[in-house]
Each structure stands twice: as structure tokens, then as C-alpha cells.
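Please keep the structure open as you read.

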Amino acid sequence: MKHGQPGLSVLHFCKGWDMSRSQYLLAAFLWSVIAFLVIYPLSILVLESFKISGTETWGLGNYLEFFKDTYYLKTFGNTLLLSSLLLITTTVLGIPLAYILARYRHRGKTVFTALILLPIVLPAFAGVFAFIIFFGKYGTLNLLLMDFGLIDKPLNFIYGIHGLVFIQSLHMLPFIVLGLSAGFTNIDPSFEEAAEVEGASGFRRFITVTLPLCTPSYLAGAVLVFLWPFTDWLTPLILGQVDFLPSVSYINIAYHFTDVHRKYMGVVAVVVSSLVCISLFLLARWWVEKKTYTGLSKGTTEEGRVVEPSPLVKSGAYIYMGLIAILVLLIPVVLGLSAFSRRWVFEPFPTYWTLDNFRLILLDSPGMVKNSFLFSGIALVLGIAFGLPVAYLVVRTRVVGKDALDFVITLMLAFPGIAIGVSYMLAFWQGIPLATYWIIMPLALFARRLPYFLRMAHSSYLQLDPSLEEASEVSGAGKLRTFFSISLPLLLKGVLVGVVMFFIMAFQEISTAIFLYRGGWETLPIGIYLNWHRGMEFGAAAAMAFLMIVITFILLLIISRISGGVLKAAWGTAKK
Amino acid sequence: MAFIEIQDLYKEFKKVVAVNRIRLEIEQGEMLTLLGPSGCGKTTTLRCIAGLERPEGGDIIIDGKPMLSKGFVQPSKRGIGMVFQNYAVWPHMKVYNNIVYGLKLQKTPKKEMKQQAKSVLELVGLSGLEDRYPSQLSGGQQQRVALARALVRNPKVLLLDEPLSNLDAKLREELRFEIKSLVRRMGITSVYVTHDQAEAMVISDRIAVMESGNVVQLGTAQEIYQKPANKFVADFIGTMNFMPGSIVEVYPGENKVAVQTEFCEKLMCTTFEKVDAKGAERVYASIRPEDVELFAEKPLDRENVFKGTITNKAYLGNFLYLFMKVNETDIRVQVPHFVPQDEGQQLFLFFNPEKCNILF
């Protein structure tokens, strides 16, 4: 990333060593936090993968076995296959959707946008559970179809790779839609007009000019989509499809702690997934940075190029958006039905309504709700205390190594949650026995979700004109005073959105926490998983999931109030 | 019949009139400039000619073919070349691919395509840069790519939308002449949009001055400078001193009137047309700064001489600019740079009746 602030750099030059010494102290402190919470555990993870079980020796043995064993290879292949299918599906579904949202002038644009983007903030497992209830073997849809005599035997809607692709697609679709629609909105209209004048009409123009120009913003989302199957261990597990890398790692590590060899193989799988994720992430980043196209147009409107489609196209667009919106809406609706009912089995709709589930999770054992808020809250405070100084350091100073700091934190975006969880489990058990204290939970959440906050603080910092701060310094205020009286109030909006987003993300974190929790430390997501997994408190799990959705939704409303738009809220502050 | 005819063109955006039933005729091979401040409708008019906007009324006839009245003709079917204000050179394509984009769509044979691209690149002075990406070019070079792309298909009409406004002053001046000679050599009928009067005067055969959706004057640069149609045009093209007043006397047969202004009873002015009205009519007696003559002693042999004081002066290299006050009226005067003047000095201003006009 390049940030040009010639004015500021001169200022720093004149102030000399004194000013930069405190900046270097700050940098050193931030680096030590990163070293302790990120670099140290991850290196332990890597070290562990080289351990040979039953001996005290180290070696490449586990890796050789991983790449020779047909089972692990098959798992690896499956994951790649799922990733590709997922990317294809979301792209095919996403291109028209993004185009409709970005370019067509239609009623209910905000509502549709909000609905289609909703999965981005919903916990992935909430979707899985809702779809099992609705599309499962004896789920609502199958039961209804059988009641109407349309089918004799239940259809297999979701168990299998097709179901995985379906569920994960719906969850990841927003990333593609957001990226592409931002692209469609932001590209300089004259690029397309020039093509129009040159003789390219309609589809041809879209293929040769519009779409290629959107590739950078598409790719940013696409890489996250592609990496999702390397991260999501829960969905395959619940659907009974375990032959995917993250699920295998999870099972190997969480269930076979007595079989040390299997544990090491699990760690190898985690490291391999992480390597795939990081390299693809870096590749995409490198490519995007190389290909960032900017127009020169001064007169582009905020909404970009908007067209009025023909009535036929328009109704098609409505139907298409409606279908996807309905699928998304199924998640809260089904979970809601389940949460307010009991013994909802073998019936298309619940028959026995009750508030028991909520009484259970809110009054009888409110620990999980309390833990969720407590852990996410502490993680959030840590995030702000750490994220703002980092953003300051990266954007406003010329401290050596600041870009490396930014880079390491951004990399955390690519790391599978399971890698963080496992590495914390390994690193903070012996040696530094932090994992025996509950503080490990918020620390892990903080480390895992840090990039989300940082990116937002970062981009709002970039939009803050340095001369505003310089003016304050020239008027005699010190750096710290300037920060609190000038920078912070101006950054507040962007930072607040980042704060809420961070909280939402930490609130629904499970991949990391599942390896670290102990009795009494359960959070809502863990509670949902456990209740579901045990197969007993089905309704309680649904109630927890429903509660999470409600909380998330309220938080989202707050964000959109702050930032004035759901789209902006979900994607961070507007681009400069 | 003119090559391009714009007939009662009408375009509005959300109830705001952008182009108000304008009529224009552009001859074959002519270079016409639409000149006006931002928001005057010049770019909208150009985009209507290109087909990038759909006007609500009127017609545009290019080479005898109506673009609107017999069904909307898509931009891609109009046979025009266009240069955009921000170049709109596609950043994901190399220079060569940018230029041959339109040729490819016409299914031009490869060999011919190469030949045409080569000659047009030579024409704009970009030979050898075929394989560069736009991001590797300077602003001026990108502008030349845009020009080459617009010219390569030998369009019937060339449209230029403030093509030089993103370049620095020196380059802008250079390219003005280049574009002019290039377009003239190729004999393409062209419409040029700009808000820069100097650019318009250099580049065009005729200028159409626009104000809030209307063409207020159409003519050569000289006609417009010397005989502005109204106060707006006079103010927009060059600098003009306006002295508000009312006509007190009309001299029939002489195209002369006397105007009563704030500082005098009778200021003799020439009119472009016959003026019948007399008295009470609000007019502006006006004179260009370079037409005001200064005298140290009051010349006794002529009328239209008034005493003024220098309030401010500016040295502009090739001439000296004086801000003067005649009574309460501000008058700007341009004199040769070697004439020594001091602030506060009192001088006599002579408004030559031949060069003092009235505007409405």
C-alpha cells in the first residue's frame, strides 16, 4: 500500500529523532504484542507439525505421510473441488445480482441489498442449522412435498457436496456481490461510453470493458470465497461430510487427543490449509494491487451509471432477487420457529409453542450469553487499544517496519480460525499456561478478528486530511492532544463502524474458541454447537442462534445509523 | 444542407432543463466549438450528438440521417469518434488494443488493422508505444491515444469533450494547435466542447456560446469578440467594462446613442443594430480594457473623456493592467507595459465612441 503524505513527512523530518523515538517505542510495544499473540503461537503450531510421534525427534515425516496417504490427498482434493465449485456458483449467481443491485433503478433497493448481504454478518452455523430444519431429510420442505403427494421418499436436498455448495454459496455470496457491485458502481462511466461510441453494444461491452475493469474488486471477494472451505470445518461436519481438510483437522485434534500421531497429522492439515490460504491470499493481493484501475473523471455521480431496464428484464430481476432474499430470510424465520417451539419433529411446522427455550438460556443458565458479551467486549477493548495505534503508526508515521506490522496483521484475515485455535491450544498450554485462565478466550478472539477493526480504522485514517492534524500541531498542541482533540473525533464515525463490526465478528467466533473453552467458558456459538451436537436441546440451540441473529441485527441497525447505509456498513467506509 | 443539423434539441434531467430547444447547423469539415460555463448544457448537447443521452425532444441529423425522429440510433451505429474529458483509455488494454477496439468490432482484416493502427499512431506521434499499458503513459500521451482511437475508424464526425482540461497549461496550448491541424488535414466535421475561451478561439471555425441551455451567440471568434450579442457573452469572452445606464438619446441613421451613466450625463456609444427605444431602457455601455485610451492632459477635441484615479495596478509582463475609478464606477484599463503609472495618479480616460457599445 502506498500512502502519499509529503506534507507530513517533511514535518517529521524537521522534528527529528525526538518525535520518532516515541514512535519507535510505540512500534516496539505493538510488535511485542503481535509477537506474543500471533507469531509465537503460530510458530509453535508449525514446530508441532514437524514432531514425530513416539519419538523425541523432528522431521518431515508427517508431511511426507500427508502427501502420500490417499485419504489425506483425497481430502485435500475434495477441499479444492469444493472451493472451485463454491467460487463458480457464487460468481455465476453473483454477477447478475451485483449488476442488478448496482445498475438498475428499482424500488426496495435498500431492503434487497440488506437482505442479500445479511449472511455476511450471520454466523455460518446459524444457516446450516436452519437449512437442515427446512431442507433436511424430514425437514419442512420434504414433509410438505410428501403431504401433497408429490414425492414418496424424502429428497436429498443438502446431504452431500451439492448441499455444501448450496449452503456455503449462500453464506459467501455477499462477498462476491459486494465486490462486484462496488466495481460496477465505481468504474468511470466514460470507459463504457467510449466502448459504446466505438461500436460495442450491450453484452459485448460488458464482457470486454465492464467486467475486466471490475476484476480487482471481484478478486478481493473471490479469494475469501475460495478460501472458505479451507476454514469452515463445521458445515461439512454437520452435514456428515467429513472428508475436507478443516473438518479432518478438527476431528483429528479435538477427538483424538490420545492418539498423538493423529493429532500431529491434524496439525499438518492445519498448516497445509493455512499455507494454501496465505499463498492464495497474497497472490490475489499482489494481483489486485498491480491492477488497480482508476479513472480521472471528476463528474461521476455517487450512484454511478444507472439504467432503467425494460419491464420484462425488471420483473426478472425482481424474481431473481426475491428468490435469494427468501433463501436468506429462511434462516431467521426457521430458527425463530424452532426457538419458540418444542418437539418440532416430523412436522412441517411446529405445533407446540413455548418460551421455555429462552427461559433456559436467559434465566436458568445465562452463563453463555454473559460469556459471549464479556469475551467479545474484552476483545473489543483490546482491539481498539491496539488497532488505533497501529492505524496511526501505519498511516501517519515513517517508522521502519510499519508496513511489515500492517502486513502481518492483514495476513490474519487469511488464516483459518482453526489455525489460531489450535496454535493457542498448543502454545499456551505448557510453558506459558495462559490457557488455564479464561482470559485466553478474549485474547484469541482479539487476535483472530483484529484485521477487521484495523482495516476500518486504517481507511478512516487515510481519509483524514493530515493538514487538519498539522494545523493543530502548528497551533501548539502536542501529538497526543492532537490525537484526542482532532483526530479521534474526526475518525470516530469510521472507528465506530469498525468497533461494531469487530464485535459482531467476535461475537459469532467459533473456530478459534472451540479449541480453547473449558467448562463454564462456553459462549453462545459453542453452546449452539454443543446443544445441537448432543442432539438433545435442539430448541435451546435454535433459541441461542435466534438470539444471536437478533443481537446482530440490532448492532447492524446501529451501524447503518452511524454510517448511513447498510452497504457501507458491511463493507467498511467508502473508498476515497 | 448542413452535415450535422440539430433541430430544436430538448433535454432535461429530473425536470431541470439542460438543453432548451437549440438549433445548430454544422457544415461538412467544419470545426464548431460549444463554449460556455459549467452547467450551460454544452456537454449534454455533445452527448446527445453521440447518442449517450436520449433527448426528450427535437432531432439530430447527421449526413442526412435522422438520429432520433426515425427511431433512436445507438451510439455504436452513428459512425462517430469521441474523445472524452478524462481520456477513457481502457486501463486493462494495451495502447494497440485500445486503438483497434472499434476496428475489431467492424471485423477489419488483421493486416489492414495493423496498418491503420500504425498510421494513426504516427499521426498522433505515438509510434513505438503500441505495447504500453495506459498507466505507463503520461497524461498527454493518454490523450493522444484517445485521439488516435477516435480517429482510426475514419469517423464521419469527431466529438471532443473538453479533451485538454486535464493537462497542464503548456501542453494544453501545444495540443490545441496539434488537434486543430490534424482535424483540418483529415477534413473531419467536428464538435468541440470547452469552457476555455482561449481554447475555443484558437481551435474553432465557429463558436456557439451557450448559457443555461440556450445558444446565445453563434459566429467566428472575431465576430463574437467584437460584437458580443449580450452582456453574458461579452463577460464570458475576454474582459469587458460594463457601465450600467439608460439610453437618453438615439441618433437615427448613425447607429449611435447617448447613454446616461452613473458618472456622466451623456456617453456616446455605437450600436450594432438600429435601436428604436429611447429613455428608461436599462443598458450597459461597455468597452474592452484595451480600447480605453489614457491621457495625462485632458484632450479638448473630443467627447467621452472622463477623469479617473488609479486604485490598483498589476504588472502582467506584456502589458500593464490598471484598476481605475471614474467617480464610483470601476474601469479596467490595459496599457502597454512601458507606460509608467502610479497608484493614486489621476488620468483622463477616453472611451472611443466607435469602440464603446451598448449591451443588454
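Which residues in α19(A) meet which residues in α21(A)?

## The helix pair

From α19(A), the residues Leu445(A), Arg449(A), Tyr452(A), Phe453(A), Met456(A), Ala457(A), Ser459(A), Ser460(A) and Tyr461(A) meet Leu491(A), Gly494(A), Val495(A), Val497(A), Gly498(A), Val499(A), Met501(A), Phe502(A), Met505(A) and Ala506(A) of α21(A). Contact here means C-beta atoms, placed from the backbone, within 7 Å. By class, this contact has 14 nonpolar residues, 4 polar and 1 charged (nonpolar: Ala, Val, Leu, Ile, Met, Phe, Trp, Tyr, Cys and Pro; charged: Asp, Glu, Lys and Arg; polar: the others, Gly among them).

The axes of α19 (residues 440-463) and α21 (residues 479-507) of chain A come within 8 Å and cross at roughly 160°. The two helices are therefore roughly antiparallel to each other (an angle over 145 degrees).

## The whole chain

Chain A has 24 helices and 2 strands (DSSP runs: H or I of at least four residues for helices, E of at least two for strands). Its C-alpha atoms fill a box of roughly 80 × 70 × 50 Å along the principal axes.

Of its 576 residues, 48% count as buried (20 or more other C-beta atoms within 10 Å of the residue's own). Among contacts in chain A with a separation of 6 or more, 77% come from residues 24 or more positions apart.

## About the model

This is a predicted model, in which local features need pLDDT of at least 70 and side-chain atom pairs count only at pLDDT 80 or more, while totals for chains, interfaces and linings use all residues. Residues are numbered from 1 along each chain as its sequence is written, and chains are lettered from A and ligands numbered from 1 in the order in which they are written.

Key. Axes are lines fitted to C-alpha atoms, for helices over the stretch in contact, and angles run from 0 to 180 degrees between N-to-C directions. Angles under 35 degrees count as roughly parallel, over 145 as roughly antiparallel, 65 to 115 as roughly perpendicular and the rest as oblique. Two residues are in contact if their C-beta atoms, placed from the backbone, lie within 7 Å. A residue is buried if 20 or more other C-beta atoms lie within 10 Å of its own, exposed if 12 or fewer, and partly exposed in between; C-beta atoms are placed from the backbone.
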